[in-house]
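Colleague: I would like to learn how to read a model of this kind, feature by feature. Could we begin with the idea of burial and then move on to the rest?

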Amino acid sequence: MAEQKQPRKLCIIASKGSLDMAYPPLILANGGRMSGIETHIFFTFWGLDIITKKKNKGLNVAVIGNPNMHPMFHIPSIIGVIPFMSAAATWMMNREMAKLDFPPVDEFVQTLVDSGAHLYACKQSVDMFKLKLEDFVDGSKILGVMEFLEIAEGAQIIFV
Amino acid sequence: MADVLATVKFDAEGYMEDASAWNEKVAEAIAVREGLKLTDRHWVVIKYCRDTFTKTGEAPTLRNITKNTDVQTKELYELFPGGPGKMAAKVSGLKKPTGCL
C-alpha cells in the first residue's frame, strides 16, 4: 500500500507593511488557494497594516534605505529626504502593479478572504499597537503565536 | 464516460495535450474524473475560459474570470473545490495556467 500523502498546507508569516513587502505574502497565499492548498497567513508587527482597514489602502514604498529600487529610478538617500519622494515611488509602484492587473492591497486581501484563506492578526502586535478585532478586515481573527504554531504543525512555513 | 476520454491525450497532471480535441462531452467526462458535477454556473466559467483561450491562446487568470463574468471569488472556489486555478483549466481542456493571479 502506498503511504497516504498528507494534504499540503501553507503557513505564511507577513511581518512587513511597506507596499513592496505586502505583495509577496499575498501573491503566495493566493497561489496556494488557486491550487487548492489550505493557506494561513499570520500578520505580525508592521505586517498588521496589510489587514488593518484604515491603513491597507495607503501602504507606501520607502525610498531611504531601500537598495532594491529599479536602477533607472534609483533614488539616493540624500534625494529621498525631499518631501514626496516616497509618495512618487508609491505612485509608480501602484501603477506598475495595476498594469500587471494585480489588485490594490485591500482588494487583494478581500479576494483572499473570499478564497477561504485564513488570516490572523498576531495578538502581541495587536496589543502593542492598541488595536481591536474591528480594526481588521472582516474574516480575520486575532491569534497568539502558540495557537498559530499549532495550526502550522506539518505545514510549509514561509517568513516574509 | 471512460470511452469519451479513451481517445483524448493528457499530460502527467491530467491537463489535455491538445485543446482543440475538447468538446462539451469531454468536459463532462473530465469533471466526473475530477469528482465534479457540472452545473450551469460551471459552464459560465468554462465558456469564459474557452473564449479567452480562443482569443489569447492561454487560460484566463481567476481575476479575469471574476472581473468578466458574474461568478465571484467565493462562488468560484465553491464550484471548484480542488482549487479553481487548476480545475477550471483542466475541465476546459487547457494547459495549467502560468499566471500568478
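Modeller: A residue is called buried when its relative accessible area is under 20%, exposed when it is over 50%, and partly exposed in between. Please keep in mind throughout that this is a predicted model.

Colleague: With those cut-offs in hand, is B:Cys49 buried or exposed?

Modeller: B:Cys49 has a relative accessibility of 2%, and therefore counts as buried.

Colleague: How many disulfides are there over all chains?

Modeller: The test is that two cysteine sulfur atoms lie within 2.5 Å of each other, and by this rule the count over all chains is 0. B:Cys49 takes part in no disulfide, since the nearest cysteine sulfur, that of B:Cys100, is 17 Å away.

Colleague: How should I read the overall fold, taking chain A as the example?

Modeller: Start with the elements and their order: chain A has 6 helices and 5 strands, which run β-α-β-α-α-α-β-α-β-α-β from the N terminus on. The C-alpha trace of chain A spans about 65 × 40 × 25 Å along its principal axes, and 43% of the 160 residues in chain A are buried. For contacts in chain A between residues at least 6 apart in sequence, 74% join residues that are at least 24 apart.

Colleague: What covers the buried residues of H6(B)?

Modeller: In a helix, one asks how many residues are covered, and by what. Helix H6 of chain B, residues 84–91, has 7 of its 8 residues buried, among them B:Met87, B:Ala88 and B:Val91. The cover includes helix H1 (19–34) of chain A, and from chain B the helices H2 (24–33), H3 (40–56), H4 (62–68) and H5. Just after H6(B), B:Gly93 takes a positive phi of about 75°.

Colleague: Which residues does B:Leu79 touch, not counting those up to four places away in sequence?

Modeller: B:Leu79 belongs to helix H5 of chain B, residues 73–79, and is buried, with a relative accessible area of 11%. Its contacts beyond those sequence neighbours are B:Leu36, B:Thr39, B:Arg41, B:His42, B:Val45 and B:Val71. One of these, B:Thr39, is 40 residues apart from B:Leu79 along the chain, while their C-alpha atoms are separated by 8.7 Å.

Colleague: Where is the place of B:Ala59?

Modeller: B:Ala59 sits in the loop between H3 and H4 of chain B. Leaving aside neighbours within four places in sequence, B:Ala59 is in contact with B:Ala89, B:Leu94, B:Lys95 and B:Pro97. B:Ala59 and B:Thr98 are 39 residues apart in sequence, with 8.4 Å between their C-alpha atoms.

Terms used:
Residues numbered from 1 in each chain as written. Chains lettered and ligands numbered in written order. Predicted model: local features only at pLDDT ≥ 70, side-chain atom pairs only at ≥ 80, totals over all residues. Heavy atoms only, no water. Helix = DSSP H or I, 4+ residues; strand = E, 2+ residues; numbered from the N terminus. Buried < 20%, exposed > 50% of the residue type's maximum accessible area, 1.4 Å probe, protein only. Contact = heavy atoms within 4.5 Å.
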